[in-house]
Amino acid sequence: MTKDQLLTRRRALLAGAVALGAAGTAGALTLGPEDGPAPVTAPAAGAQAGRPLKPSAYRLQPLTGYGTPRTRAAPLAVRHEPFLRVSGRGRTMMLTFDDGPDPRYTPHILDTLAEHGVRAMFFVCGEMAVDNKELLARMSDEGHVVGNHTWTHPLLTQMNRGQIRSEMERTSDVIEGAYGARPQWFRAPYGAWNRAAFQLGAEMNMEPMAWTVDTLDWTTPGTRSIIGRVEDGAAPGVVVLSHDAGGDRSQSVRALRSYLPELLDAGYHLTVPPRRLA
C-alpha cells in the first residue's frame, strides 16, 4: 500500500480506532537530562484550549540529554496505556511527526526545526524508511528522536501477535541500520492500542507514546486551521501530532514555519525524551 492511499484508509478506520485506543491515553512522561520515563500517573487534564500566546524573549537551547546514562536500565514494564503528555520545567511541549520519512516534505520540516534549534520526534513507517535512509541518518545527526510506527501502518487491533511482531521488528531493524540505534519509542497507527502492542513493545525496549493535540493535518484542512489547532491547544505538557508523509503534507510544512517561532516567542520549551541505555 502506498502512503498516498493512507488518507482514504485512515478516514474509514479512524472512528473505530479512536474508540479502541482512547481508553489508554492517560500517561504523563517526566523528562530530564538523564531521567528515564516516569511511571504512568493518574489521568491528566487535557490541554487548555484558547490560551493566548504571550511574547517572550526565551529561545530554546539544544537539549543536552543524550549522554551515557549513569546506570543500566531495568527491563521495561508492560504498560496498559501510552504516554500522552510530558512534564518538565516551565512550559514544556513536544512536537511529533508520523508516517514518514517522505523526501517531498520531511527535509522541509527538518530545515525549519534546524533553523530554530528545535528537536522533535519522528515516528517512521518501515516501508517509507527503507527507501529514505539518508533522512533517518540526518535525524540522528541533528538530535531528533526516531520512533517505530510499524512497517505498513496497519490497524493492530485486527492483527494477530505474530503479524504485529513482524511489523515492529522489521521497522526497528531498518531504523537501527540507518539511524544508528534501535528505537526506544513506539506509536500505534491510528492510536489503536491492544495488549499485544504493549507487550511486544516492552519486549523490544520501546515505550508507548500517544499525543495530546491532534492537528488533523492528515485531513488537509488548510494551513491556518493547522496553526490554529496548535496555538489553541498549546499548554505545558502537550504532545502535538502532525504528519510528514501519508499524503500531501505541504500544509503541515507551511504551518510549522508559522507556529514554531510563535511557540518559542511564547516561552515554550520544545523537547524530546532522553535516550535510555538499551
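With which residue does R138 form a salt bridge? In this predicted model, in which residues are numbered from 1 along each chain as its sequence is written, local features need pLDDT of at least 70 and side-chain atom pairs count only at pLDDT 80 or more, while totals for chains, interfaces and linings use all residues. Side-chain values rest on heavy atoms, with hydrogens and water left out.

The partner of R138 is D111, and the closest N and O atoms of the pair are 2.6 Å apart; a salt bridge is here a side-chain nitrogen of Lys or Arg within 4 Å of a carboxyl oxygen of Asp or Glu. Because R138 lies in helix α4 (residues 133–141) and D111 in helix α2 (residues 106–115), the pair ties together parts that are 27 residues apart in sequence. Helices (H or I, at least four residues) and strands (E, at least two) are DSSP runs, numbered from the N terminus, and the chain has eight helices and 10 strands. R138 counts as partly exposed at 21% relative accessibility, and D111 is likewise partly exposed, at 40%; buried means under 20% relative accessible area, exposed over 50%, and partly exposed in between, with a 1.4 Å probe and protein chains only.

A search of the whole structure finds 10 salt bridges. One of them joins R187 and D98, whose closest N and O atoms are 2.8 Å apart. This pair links distant parts of the chain, since R187 is in the loop between β6 (185–186) and α6 (195–203), whereas D98 is in strand β3 (residues 92–98), 89 residues away. Both R187 and D98 are buried.

Within helix α5, the side chains of E169 and R165 meet in a salt bridge of 3.6 Å, N to O, and these residues are separated by about one helical turn because they are four residues apart. Salt bridges that share partners join R161, R165, E169 and E203 into one network. Helix α5 (residues 161–179) also holds S172, which counts as buried because its relative accessibility is 2%. Leaving aside neighbours within four places in sequence, S172 is in contact (heavy atoms within 4.5 Å) with N148, R182, P183 and M206.

In helix α8 (residues 250–265) lies R257, which is partly exposed, with a relative accessible area of 44%. Apart from neighbours within four places in sequence, R257 is in contact with H108 and T112; the C-alpha atoms of R257 and T112 are separated by 6.3 Å, although these residues are 145 residues apart along the chain.
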